[in-house]
Amino acid sequence: LEIKPDFASAHNNLGVALASQKRFNEAISHFMKALQIYPGHEEAHNNLGSALADQGKFSEAIVHFTEALRIKPHYANARQNLNLALDLLQKSDRDSNPDIDNGKQ
C-alpha cells in the first residue's frame, strides 16, 4: 500500500487479514477504501458484509452481500453469506421482540 495506495485489491486483502485477527473496525476501513477506489469489487463487498455481520450489523451486511451478487450473480460465498445474514437478522428481530412469534404485532 505504501507503493500504490490506490490499489483496491491490496486494501481488500489487508482487510481480510485484519478481519481474521478480529480487528473488524480496521478491516471495515480497508474494505471501504477498496470500494471507494473500485465500487465494483464484489469480493470487497462480500468481505465488508462479513465484517459487518461479525459485529451484528446484519442489515448493513445484507446491503453489501446483495451488491456483491448484483455485480456477480453466481457468487456462491456472497449468496451463502446473504442467506445466513437474513436468517440471523430474523432471529435477532424475534429475540428483541418475542411478540412477533406469538402473532401479537
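## Salt bridges

In this predicted model, Glu26 has a relative accessible area of 38% and is therefore classed as partly exposed. Its side chain meets that of Arg23 in a salt bridge, with an N to O distance of 2.8 Å. Arg23 is likewise partly exposed, because its relative accessible area is 36%, a value that falls between the limits of 20% for buried and 50% for exposed.

A search of the whole structure returns two salt bridges. Besides the contact of Glu26 with Arg23, there is one between the side chains of Arg70 and Glu67, at 2.6 Å from N to O. Arg70 and Glu67 both belong to helix 4 and are three residues apart, so about one helical turn separates them. In general, an α-helix has 3.6 residues a turn, so residues three or four places apart point the same way. Arg70 counts as exposed because its relative accessible area is 57%, whereas Glu67, at 22%, is partly exposed.

## Overall architecture

The secondary structure of the chain consists of five helices and zero strands. Read from the N terminus, the order of elements is α-α-α-α-α.

Of the 105 residues in the chain, 35% are buried.

## Helix 3 and its surroundings

Helix 3 spans residues 42-54 and contains 13 residues. The distance from its first C-alpha to its last is 18 Å, close to the 18 Å expected at 1.5 Å a residue.

This helix is mostly covered, with 10 of its 13 residues buried. The buried positions are Glu42, Ala44, His45, Asn46, Asn47, Leu48, Gly49, Ala51, Leu52 and Ala53. Their cover includes helix 1 (8-20), helix 2 (24-37), helix 4 and helix 5 (76-96).

His41 is located in the loop between helix 2 and helix 3. Its relative accessibility is 7%, so His41 counts as buried. When residues up to four places away in sequence are set aside, His41 touches Ala8, Ser9, Asn12, Leu35 and Ile71.

Gly56 occupies the loop that links helix 3 to helix 4 (58-71). Just after helix 3, Gly56 adopts a positive phi of about 80 degrees. With a relative accessibility of 41%, Gly56 is classed as partly exposed, whereas His41 is buried. The C-alpha atom of Gly56 is separated by 8.7 Å from that of Leu88, although the two residues are 32 apart along the chain.

## Aromatic side chains

The count of aromatic pairs in the model is zero, under a rule that requires the ring centres of Phe, Tyr or Trp to lie within 6.5 Å. An aromatic ring does, however, take part in a contact of another kind: Lys72 lies over the face of Tyr75, at 5.2 Å from the ring centre.

Note on methods. Residues are numbered from 1 along each chain as its sequence is written. This is a predicted model: local features need pLDDT of at least 70, side-chain atom pairs count only at pLDDT 80 or more; totals for chains, interfaces and linings use all residues. Side-chain values use heavy atoms; hydrogens and water are left out. Helices (H or I, at least four residues) and strands (E, at least two) are DSSP runs, numbered from the N terminus. Buried means under 20% relative accessible area, exposed over 50%, partly exposed in between (1.4 Å probe, protein chains only). The expected span of a helix is 1.5 Å times one less than its number of residues. Contact means heavy atoms within 4.5 Å. Rings of Phe, Tyr and Trp (its six-membered ring) pair if their centres lie within 6.5 Å; planes under 30 degrees apart count as stacked, over 60 as edge-to-face and the rest as tilted. A charge sits over a ring if NZ of Lys or CZ of Arg is within 6 Å of the ring centre and within 35 degrees of the ring normal. A salt bridge is a side-chain nitrogen of Lys or Arg within 4 Å of a carboxyl oxygen of Asp or Glu.
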